[in-house]
Amino acid sequence: MLDIKITKAATLKAKPADETKLGFGKIFTDHMFLMEYTRGQGWHDARIVPYAPFILDPACVVFHYAQEIFEGMKAYRAVDGTIQLFRPDCNAKRMQDSCDRLCIPTIPVEDYIQAVKALVEVEKDWVPHTEGASLYIRPFIFATDVGLGVHASPTYTFCIIVAPSGAYYAEGINPVRIYVEDEYVRAAPGLTGFTKCGGNYAASIKAGELAEEKGFAQVLWLDGVEKKYVEEVGSMNIMFKISGKIYTAPCTGTVLPGVTRRSCIELLRDWGYEVVEEHVAIADIMKAGHDGTLEEVFGTGTAAVVSPVKELDWKDDKVFICDGKIGPLTQKLYNTMTGMQWGKIPDDKGWIVPVCKG
Ligand code: COI
């Protein structure tokens, strides 16, 4: 159990006037959570303080060797006014897995959840009231030791910031175009693909920029060895409905184990769908697109929620999905996930964790 000291900001920022124009991760609130780690002492000095820049030595390990990991979560304002989280234990455990791979000391699950809840409660007035918007939560840990030797830092900072946000994609819930990346790779066995380390995202930016220039929302990554099998999109996992079955890449080290991915798989199985977590070749997906058996394609992610895909472009080939519309199963998943998150439908899975009254 953390002893969290709270220092309130002397003046509060104005809240966004129009919650339909929040964008994603652009506006930050009045406070942040901080806690430091020192080897020999452990995590200490848990506190909520006014949101402010860090002062860091230019020789900090994180700037040079990217020893850093993060999480992504949301707080929702339910229709009955409760401010609530979605499966925070899954994020806490995933952060521990990321920490372990990056040689960063872990934070106990209960402490992580306590820290998130404490900050959300302090910032509860920032949780948007508008449907489709939420308070995006970004916990992250970075190495703070000073020196240029490549080694695990003996000191770290854990910080949580929160941002009232709308849809991740400019398209909102409208279907997006995805470019299947054939040159660059995101992950390979033994590397860090299953973690949320900043380096994975840094390595993905070039392909993302090139795809955006061509009018695509994002790239779909293929496996890093043969560039043959579909893996994930970087900001979301991806699922393909082919002849009534759902296919998605397995989480065997190169794919991020998404909390939304896992939740959608559980819902789909409850609804009687067969979900196949296996490597599927992009050539087979494109073939299904041409022979009419590729019924729906959608991404799943905390930021992306459930995002329909209307087009896949691979080399010189393209397939169009569901006539550019949101497929019925994609819509049902979106409605069920957001229905639970916004307290419009009962949570019979025990996934919702209330924080406070809004
Ligand atoms: C999330 O979905 O929370 C993520 O961290 C993905 C990020 C690229 C926005």
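**Pockets in the predicted model**

1. The lining of the largest pocket comprises 21 nonpolar, 15 polar and 8 charged residues, where Ala, Val, Leu, Ile, Met, Phe, Trp, Tyr, Cys and Pro are counted as nonpolar, Asp, Glu, Lys and Arg as charged, and the others, Gly among them, as polar. A pocket here is an open set of points on a 1 Å grid over the protein atoms alone where a 1.4 Å probe fits, with protein on both sides within 12 Å along at least five of seven lines, and lining residues have an atom within 4 Å of a point.

2. This is a predicted model, in which local features need pLDDT of at least 70 and side-chain atom pairs pLDDT 80 or more, while totals for chains, interfaces and linings use all residues. Numbering runs from 1 along each chain as its sequence is written, and side-chain values use heavy atoms, without hydrogens and water.

3. The largest pocket has a volume of about 930 Å³, the space filled by probe spheres set on points joined across faces, edges and corners. Of its 44 lining residues, Y168, Y201, Q218, G234 and S235 lie nearest the centre.

4. Because domain 1 (5-167) and domain 2 (176-341) both give residues to its lining, the largest pocket lies between them; the domain bounds come from an automatic or database domain assignment.

5. The second largest pocket holds about 400 Å³, and among its 28 lining residues G132, G166, A167, G172 and Y334 are closest to the centre. Its lining takes at least three residues from each of domain 1 (5-167) and domain 2 (176-341).
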